[in-house]
Amino acid sequence: MAALSPSPAAEPTTLRQAAGDRFLVGAAVRPDQLARPESAKLIAEQFNCLTAENVFKPQSIQPRKGEFNFADADKIADFAAKHNMALIGHTLCWHNQTGRWMFEDAQGKPLPREEGLANLKAHIFAVAGHFKGKVKGWDVVNEAIDDGGPYLRDTPARKSIGDDYIIQAFKFAHEADPNAELYYNDYNIERDYKNAKTVRLLNELKAAGVRIDGVGVQAHWGIAWPDNAELERGLKALAATGLKLHFTELDVDVLPRKGESANITDVQKSAGSTAENPYVKGLPDEMQKKLADRYAELFRLIMKHGSQVERITFWGVDDGSSWLNGFPIRGRTNYPLLFDRQFKPKPAAAAVMKVLREEGK
Ligand code: XIL
């Protein structure tokens, strides 16, 4: 009997299909995007992993000591569960978007170590406990490496607890949810100026014997930066730690800017000039093409790390909702994502789909 010829595999039409079981494709979202039918549909179709853009952060969940608000965070968790998506918890310990009460007294002085530790532990136990079994993994500590100094950023947590606040946070997270994966997350850690400091921290965490599964490379990148050779070098060094690579906040800035940092407190007001905000009426074809090429290049570069890449998450869904419309300069019109303001795929989306189809593992 003649063998039945296998039916030709249908071409994948969405990002999650195209990535298959190679890695998760995620998006950062806000509850309002999930409540809007148009964006909710796009999110459920394209992505298989969600991060909350803001509502899992300490300021949102525990704005004042002992006052917990899980309602918004639960909306994201429920949507993820309903649509068979993984959920990433971002973040348990950060120096931004965190109530001052956690590590400072009313005068702004660091709390004594024992008090700071108790607040950190209570927060992590409450939050990781609440999402136990629902979260694939936690960004336990966010942005602990200093941009300028020799090693650690002097955050309120560090001032109160000491250098081991990072180790303690990982220990608490593991105790609170022993099955959750734990990650260290930061920006520009693939860049020369921060890479060695980050590798040092990752190795110290491993040496301390705490659970750590992955390193989160935020990947707030630009059309012409970082330099590809520097990026490759940095990723290679991070990969050499043996940890899984998570690309946690990918977007590609197309607008002119001075710095190349994702430090959210470095925001300037717009002067309203055309030079500063050149594409108010739309992104010219030539720039669409550049953005598509850049996305293809970045995906190829990331995918060189094969099965060590566990996730690629975009920081947003459509251009209209991107934080880069307000960062690092307020009030601009930016185009950093794969879907436009009408939720339609841009040439960059097609370019990424093409790379996903072509690049095997
Ligand atoms: C940003 C959000 O996108 C904004 O809505 C918010 O106003 C500030 O924070 N690195 C991170 C993210 O780890 O949490 C930040 O998200 C972007 C930079």
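How many residues does helix α8 have, and what distance does the helix reach from its first C-alpha to its last? In this predicted model, helix α8 spans residues 165-176 and has 12 residues. Its reach from first C-alpha to last is 16 Å, close to the 16 Å expected at 1.5 Å a residue. The buried residues of α8 are Tyr165, Ile166, Gln168, Ala169, Phe170, Phe172, Ala173 and Ala176. An α-helix has 3.6 residues a turn, so residues three or four places apart point the same way. The partners against which the buried residues of α8 pack include the strands β3 (86-93), β4 and β5 (181-186). Helices α6 (113-130), α7 and α9 (192-207) also pack against these buried residues.

The nonpolar interior was examined next. In soluble globular proteins, nonpolar side chains tend to be buried together. The largest nonpolar core here holds 107 residues, and within this core Trp138 and Tyr295 touch the most other members. Helix α11 (residues 285-303) gives the most to this core, contributing 10 residues. Apart from this core lies another, of 7 residues, among them Tyr187, Trp323, Leu324 and Phe327. With neighbours within four places in sequence left aside, the contacts of Trp138 include Phe56, Gly89, His90, Leu92, Val127, Ala128 and Phe131. Trp138 is also in contact with Ala180, Glu181, Leu182 and Tyr183.

A buried loop position is found at Leu243, between α10 (228-239) and β8 (244-253). Leu243 counts as buried because its relative accessibility is 4%, which is under the 20% cut-off. Not counting residues up to four places away in sequence, Leu243 touches Leu202, Lys206, Ile212, Asp213, Gly214, Val215 and Gln308. One of these, Ile212, is 31 residues from Leu243 in sequence, with a C-alpha to C-alpha separation of 7.7 Å.

Two pockets were also described. The largest pocket contains about 210 Å³ of space. Its lining comprises 19 residues, of which Trp94, His95, Asn96, Thr98 and Pro156 lie nearest the centre. Strand β4 (137-142) and helix α7 (156-161) each supply at least two residues of this lining. By class, the lining of the largest pocket has 9 nonpolar, 7 polar and 3 charged residues.

The second largest pocket has a volume of about 170 Å³. It is lined by 15 residues, and those nearest its centre are Lys57, Gln97, Ile264, Trp315 and Trp323. This lining divides into 5 nonpolar, 6 polar and 4 charged residues.

Note on methods: Residues are numbered from 1 along each chain as its sequence is written. This is a predicted model: local features need pLDDT of at least 70, side-chain atom pairs count only at pLDDT 80 or more; totals for chains, interfaces and linings use all residues. Side-chain values use heavy atoms; hydrogens and water are left out. On a 1 Å grid over the protein atoms alone, a cavity is a set of points where a 1.4 Å probe fits but cannot get out, and a pocket is an open set with protein on both sides within 12 Å along at least five of seven lines; lining residues have an atom within 4 Å of a point. Grid points are joined across faces, edges and corners, and a volume is the space filled by probe spheres set on the points. Helices (H or I, at least four residues) and strands (E, at least two) are DSSP runs, numbered from the N terminus. Ala, Val, Leu, Ile, Met, Phe, Trp, Tyr, Cys and Pro count as nonpolar, Asp, Glu, Lys and Arg as charged, and the others, Gly among them, as polar. A nonpolar core is a set of buried Ala, Val, Leu, Ile, Met, Phe, Trp, Tyr and Cys residues joined through side-chain atoms within 4.5 Å. Buried means under 20% relative accessible area, exposed over 50%, partly exposed in between (1.4 Å probe, protein chains only). Contact means heavy atoms within 4.5 Å. The expected span of a helix is 1.5 Å times one less than its number of residues.
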